[in-house]
Amino acid sequence: MIDSSIRQKIDSWLAGNYDEATKNEITGMLDRGEDEALSDAFYKDLEFGTGGLRGIMGAGSNRMNRYTLGMATQGLCNYLKQNFPDEQVKVAIAHDCRNNSDNFARIAAEIFSANDIKVYLFNELRPTPELSFSIRHLGCQSGVVVTASHNPKEYNGYKVYWNDGAQVTSPHDKNIIAEVNKITSIDEVKFEAKPENIQMIGKEVDEAYMERVLGLSVSKDAIKRQHDLKIVYSSIHGTGITLVPEVLKRFGFTNVHVVQEQAEPNGNFPTVIYPNPEEKEAMTLALNKAKEIDADLVMATDPDSDRVGIAVKNLKGEFVLLNGNQTGALLINYLLQAWQNAGKLTGKEFVVKTIVTTDLIKDIADSYNVTMYETLTGFKYIAEVIREKEGKEVYIGGGEESYGYMIGDFVRDKDGISACALIAEMAAVAKDKGQSLFEMMVEMYQKYGFYKEELVSFTKKGQRGAEEIQQMMADMRSNPPQSIAGSNVVEINDYKTSTRKLVLTTEEQKLKLESSNVLQYLTEDGSKISARPSGTEPKIKFYISVNEPLHSTSDYDKVEQQLNQKIEQILKDLKLKE
């Protein structure tokens with residue numbers, strides 16, 4: 001049975017100025033008695049959050065379609081014109097490989113153009129980092145990329161960027177949301193395009209972007225010696241195919257094997273369940289290829305190419321996936337070493353990581369006397385630090401555990417393209433020293449400590465799921481554990497209330513970051529557990545980090561087993577596992 005208020009909303013769509021295909025989709029669902037699906041499609045409006053829109057595609061106010069996208073775009077147009085009243089407002093638009101992405105990008109371009117905003121529209125699919133780059137390169141005030149990153153194929157979305165090439169942050173995010181919420185009817189949306197305001201862009205921006213990526217290289221001689229490093233790359237049906245192979249070639253790598261079954265862009269992602277390099281299943285074809293040719297390195301990017309997952313051979317010669325914390329720490333370690341060797345460290349450099357990313361990065365930065373700043377989850381916050389420090393300090397690199405890395409500051413979002421290039425370069429440097437990338441990682445652990453992280457996610461769909469997630473967070477706040485895995489909890493960081501509680505002294509301190517629904521427990525033995533509901537998916541995530549000293553390579557398996565046991569006990573104690 002459909003709730004009366006939801007039924008009223010459905011009727012308003014059937015009677016409103018919506019196209020016939022949309023109305024037919026709704027009436028078809030009514031005829032088939034799909035009450036639950038209809039309720040989910042209409043029980044709320046698809047939220048324009050702090051980063052933009054993301055949702056399941058289809059008819060309905062809680063779905064991603066031309067109307068929800070149209071109202072969001074109109075609100076953004078209104079806000080841009082208020083903010084830049086005396087100048088020609090310009091925006092750049094890109095889209096990924098998803099079903100309807102090209103269509104949604106065109107609709108957005110038409111609405112911007114109808115509002116007398118100059119549009120630079122990429123002529124074909126492009127990686128998200130290139131969109132971020134193009135905003136500053138073309139002197140735009142804003143930009144939009146149509147993508148749902150690595151969400152399942154049913155999803156699409158819309159990310160909004162500001163004039164520095166970063167996703168919008170405060171106060172613009174809240175102000176744009178307020179403007180979007182003022183649009184109460186699709187009749188307020190200017191859908192009629194002014195073609196003269198739309199300029200197609202393509203190869204010329206690719207060239208400018210790739211030139212900057214090439215400028216990141218710090219070990220050209222090692223690449224010359226190891227140019228035939230065996231690399232397997234998969235774009236997982238996404239946008240990476242447009243740039244990664246070419247960038248690797250320009251870096252000097254001559255032995256790159258593309259996974260052909262996944263090279264063709266395809267929004268149905270036919271060879272994977274989830275198009276996410278964090279998932280082992282999504283890497284299967286690439287790993288098979290790597291075994292076949294005895295590769296040195298495996299890399300795969302997600303559909304919009306802002307994330308990269310890698311696999312390397314372990315000490316036994318078996319291919320293993322590295323997680324985002326391991327790859328991020330390796331990159332920072334490599335970059336700081338290279339900068340030091342080149343005499344470029346002056347004491348003004350900094351790196352950035354998020355609060356749920358491994359503290360190994362801080363240990364590495366401290367050893368090089370490089371400042372490490374910590375931010376909330378999301379690259380928009382990393383970009384915000386870069387913006388604040390511009391002209392005073394020098395950004396080297398940064399990242400977050402969810403496979404996102406940003407090297408250099410010409411892109412202001414996570415960048416899987418430049419990350420692939422630098423990871424390949426790092427593997428070449430390791431091989432030049434007679435090491436594998438895995439051995440380079442073990443060497444890092446011996447110096448700074450063996451850190452092991454695990455992410456546990458619970459998916460809770462729909463209205464009921466959102467309530468369950470809220471309840472889980474409330475329970476953890478009201479009943480914090482005294483000890484976890486036999487180690488006393490010594491610190492509780494609640495980013496929602498911006499308070500740090502030192503348990504032993506009951507002293508409370510103020511956290512400097514803005515409010516966010518994240519809760520952290522820190523224990524006496526250096527373990528850290530963070531709980532965080534996802535901002536873009538119906539999930540609650542638990543980030544677990546443990547560490548132990550590693551005295552020699554021969555101890556690797558033994559210490560890893562200890563860390564695994566500790567993680568298991570943490571999961572058990574927090575009732576995160578059956």
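**Figure 1. P171 in the loop between β5 and α7.** P171 lies in the loop between β5 and α7 (172-182); helices (H or I, at least four residues) and strands (E, at least two) are DSSP runs, numbered from the N terminus. The peptide bond that joins S170 to P171 is cis, with omega at about 0°. The model is predicted: local features need pLDDT of at least 70, side-chain atom pairs count only at pLDDT 80 or more, and totals for chains, interfaces and linings use all residues. Residues are numbered from 1 along each chain as its sequence is written, and side-chain values use heavy atoms, with hydrogens and water left out.

Figure 2. I236, a residue other than glycine, has a positive phi near 45°. I236 belongs to the loop between β7 (231-234) and α10 (244-251) and is buried, with a relative accessible area of 0%. Buried means under 20% relative accessible area, exposed over 50%, and partly exposed in between (1.4 Å probe, protein chains only). D294 is not a glycine either, and its phi is positive at about 60°. D294 is found in the loop between α11 (284-293) and β9 (297-301); with a relative accessible area of 43%, D294 is partly exposed.

**Figure 3. The aromatic pair F84 and W162.** The two rings form a tilted pair, 5.6 Å centre to centre with 35° between the planes. F84 lies in the loop between α4 (66-83) and β2 (90-95) and W162 in strand β5 (residues 155-162), so the pair ties together parts that are 78 residues apart in sequence. Both F84 and W162 are buried. Rings of Phe, Tyr and Trp (its six-membered ring) pair if their centres lie within 6.5 Å; planes under 30 degrees apart count as stacked, over 60 as edge-to-face and the rest as tilted. The count by this rule is 16 aromatic pairs.

**Figure 4. Aromatic cluster and charges over rings.** One aromatic cluster is formed by W13, Y18, F42, Y67 and F191. R66 lies over the face of F191, 4.6 Å from the ring centre. The charged end of K344 sits over the ring of W339, at 4.2 Å from its centre. The criterion is NZ of Lys or CZ of Arg within 6 Å of the ring centre and within 35 degrees of the ring normal.

**Figure 5. The open sheet β13-β12-β14-β15.** This order describes four strands with mixed pairing; two strands pair if DSSP finds at least two bridges between them. β13 (371-375) and β15 (404-407) are the edge strands, each pairing on one side only. Strand β14 (residues 394-400) pairs with β15 in the antiparallel sense over four bridges. G397 stands opposite I407 in β15.
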